[in-house]
Amino acid sequence: MSENSLSFKEMCTRFDVTPRTLRYYEYIELLQPERSGRSRYFGPREIARMTLIMRGRRFGIKLEDIRQWLLIYEHEGTEAQMRAFVDMADRQYAELVEQRSQLEEAMRELKELRDETAGFLSDDA
């Protein structure tokens, strides 16, 4: 293993994920650590991939979309991957805008209901 590799436990700590999450990412082939006996070691490639995975998850991008996007780099290179990212980011941005609109509506309705209910309480006093 190279000096730039992280153990399974170090990888979990560095990215603040559970062992179950890391094993799942390996199971769905987002990550492919090197193995030495029962131990797994994550080199610079896997660390970089995990950084991209975590960034994508932060923005709400589905794991399958992230997996497909990472495969583009392996098969078609950086430029194709960047184009795919722009498309993926545009779709996710539109989805977040819609979610924000729905959240703002729910917040408005909740505040109205809360104020109405509080009004009934103050009328009773």
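This is a predicted model: local features need pLDDT of at least 70, side-chain atom pairs count only at pLDDT 80 or more; totals for chains, interfaces and linings use all residues.
Residues are numbered from 1 along each chain as its sequence is written, and side-chain values use heavy atoms, with hydrogens and water left out. Local features need pLDDT of at least 70 and side-chain atom pairs count only at pLDDT 80 or more, while totals for chains, interfaces and linings use all residues.

**View 1. Span of helix α4 (residues 63–76).** Helices (H or I, at least four residues) and strands (E, at least two) are DSSP runs, numbered from the N terminus. The end C-alpha atoms of α4 are 20 Å apart, which agrees with the 20 Å that its 14 residues should span at 1.5 Å a residue (expected span: 1.5 Å times one less than the number of residues). Just after α4, G77 has a positive phi of about 100°.

**View 2. Buried and exposed residues of α4.** L63, I66, W69 and L70 are buried (under 20% relative accessible area; exposed is over 50%, with a 1.4 Å probe and protein chains only). Seen down the helix axis, the buried residues fall within an arc of 125°, so they line one face of α4 (arc of the directions from the axis to the C-beta atoms). H75 and E76 are exposed on the face turned away from the buried side.

**View 3. Packing of α4.** Its buried residues pack against α2 (19–27), α3 (44–58) and α5 (78–124) (contact: heavy atoms within 4.5 Å).

**View 4. The open sheet of three strands.** The order is β1-β3-β2, with antiparallel pairing (two strands pair if DSSP finds at least two bridges between them). β1 (6–7) and β2 (34–36) are edge strands with a single partner each, so one side of each is left without a neighbour in the sheet. Three bridges join β2 to β3 (residues 39–42), and E34 stands opposite Y41 in β3.
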